[in-house]
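Subject: A structure for you to explore

Hi there,

Here is the structure I promised to pass on. Please open it and keep it in view while you read my notes below.

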Amino acid sequence: MALWPRSRRVTIPLVRLSGAIGISSPLRPGLSLAAIECALDRAFATKAPCVALSINSPGGSAAQSSMIYSRIRALADEKERHVIAFVEDVAASGGYWLANAADEIFADATSIVGSIGVITASFGFTELIEKIGIERRVYTAGKNKSILDPFKPEREDDIAILKSVQADIHEAFVTAIRERRGPRLSEEPDLFSGQFWSGTAGIKLGLVDGIGQPRTILRERYGKKVRIKKVTSPRGFLRGRIGMGFDGGTLSADALIGAVRTDRLYDRYGL
């Protein structure tokens, strides 16, 4: 990273990556590449010596996490920009995948980081529908089209298919962390087990580089005249209402389900 004259006023663009990844709700808008791509492009188009990311996400979609991560790295390499991530409440699971796109990661001592793993959660209702006299009828072309149906008994073959997919995703996640963090990582055996830690513990594990907030760290790097400019994607009023799940002035069922799913992700980390 090139040195920047501390006497010169500099503006650092900051992109906020907040919410569950791939899941949107009216109370907590989610993250997707489509939603934040414009903001990332605008941030990296500036002549600033670095781009800051403010991250507050419990995770979510593995695909969207990987796509956002890849877009940040592509822009950083193309524009030759240093990237610094600042963790707020949580950067766990896919949220940590996003933080991993940065060259440096700073957190609060009380932030939650880690949870490098893959999870699939569901319910089984076979005994319930039998008790109330409901018959499940499913017709498919392809023997594996209805795997993991919550209204049918579990099958070992179905679980094996799911475990195989999870293993592939987990491997991609771990590979990305190892490539970016490299020798900074500790030999902690539970590092990639899905466990999560505080920001303070994250330093010892090599998941975090230091404790600090954007204003403090960026002033130390670029002088007291540094200015932090939040960069967002433009969004029209109508698009905003539709995207948030409003239907005739009321919240849609999909929006309410999205809110519940988002809250469950945050609840996992006591937030």
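Let's begin at the surface. Ile132 counts as exposed, because its relative accessibility is 53% and the cut-off for exposed is over 50%. You will find Ile132 in the loop between α4 (126–131) and α5. Together with Leu128 and Ile134, Ile132 makes up a nonpolar patch on the surface, and the three share about 280 Å² of accessible area. Before we go on, please remember that this is a predicted model.

**Helix α7**

Now turn to helix α7, which covers residues 214–222. Which of its residues are buried? They are Pro214, Ile217, Leu218 and Tyr222. If you look down the axis of α7, these buried residues fall within an arc of 105°, so they line one face of the helix. The face turned away from that buried side carries Arg215 and Glu220, which are exposed.

What do the buried residues of α7 pack against? Their partners are the strands β1 (11–18), β2 (50–57), β3 (82–92), β4 (104–107), β7 (210–211) and β8 (227–230). Just after the helix comes Gly223, which takes a positive phi of about 95°.

The side chain of Arg221 meets that of Glu104, with 2.6 Å from N to O. Arg221 belongs to α7 and Glu104 to strand β4, so this pair ties together parts that are 117 residues apart in sequence. Arg221 is partly exposed, at a relative accessible area of 26%, whereas Glu104 is buried, at 15%.

How many salt bridges does a search of the whole structure find? The search finds eleven. Here are two others to look up.

One of them joins Arg73 and Asp77, whose closest N and O atoms are 3.2 Å apart. Both residues sit in helix α2 (residues 62–79), four residues from each other, which is about one turn of the helix.

Another salt bridge brings together the side chains of Asp209 and Arg184, at 3.3 Å from N to O. It links distant parts of the chain: Asp209 is in the loop between α6 (199–205) and β7, Arg184 is in the loop between α5 and β6, and they are 25 residues apart. Asp209 is partly exposed, with a relative accessible area of 30%, and Arg184 counts as partly exposed at 34% relative accessibility.

**Aromatic pairs**

Searching the whole structure gives two aromatic pairs. In one, the ring centres of Phe86 and Phe106 are 5.9 Å apart and the planes meet at 20°, so the pair is stacked. Why does it count as stacked? Because planes under 30 degrees apart are called stacked. Phe86 lies in strand β3 and Phe106 in strand β4, so the pair connects parts that are 20 residues apart in sequence. Phe86 is buried at 2% relative accessibility, and Phe106 is buried with a relative accessible area of 8%.

Trp97 and Phe173 form a stacked aromatic pair too, with 4.6 Å from centre to centre and 5° between the planes. Trp97 is part of helix α3 (residues 94–99) and Phe173 is part of helix α5, so this pair ties together parts that are 76 residues apart in sequence. Trp97 counts as buried at 4% relative accessibility, and Phe173 is buried with a relative accessible area of 2%.

Finally, where is Gln195 found? Look in the loop between α5 (156–181) and β6 (196–198). Gln195 is partly exposed, at 33% relative accessible area. Leaving aside its neighbours within four places in sequence, Gln195 is in contact with Gly114, Ser115, Ile116 and Asp190.

Enjoy looking around!

Best wishes

Key. Residues are numbered from 1 along each chain as its sequence is written. This is a predicted model: local features need pLDDT of at least 70, side-chain atom pairs count only at pLDDT 80 or more; totals for chains, interfaces and linings use all residues. Side-chain values use heavy atoms; hydrogens and water are left out. Buried means under 20% relative accessible area, exposed over 50%, partly exposed in between (1.4 Å probe, protein chains only). Helices (H or I, at least four residues) and strands (E, at least two) are DSSP runs, numbered from the N terminus. The arc is that of the directions from the helix axis to the C-beta atoms. Contact means heavy atoms within 4.5 Å. Rings of Phe, Tyr and Trp (its six-membered ring) pair if their centres lie within 6.5 Å; planes under 30 degrees apart count as stacked, over 60 as edge-to-face and the rest as tilted. Patches are made of residues with over 30% relative accessible area and no salt bridge: like charges are joined within 9 Å, nonpolar side chains (Val, Leu, Ile, Met, Phe, Trp, Tyr) within 5 Å. Accessible areas come from the Shrake-Rupley method with a 1.4 Å probe; for residues, only the protein chains shown count as cover. A salt bridge is a side-chain nitrogen of Lys or Arg within 4 Å of a carboxyl oxygen of Asp or Glu.
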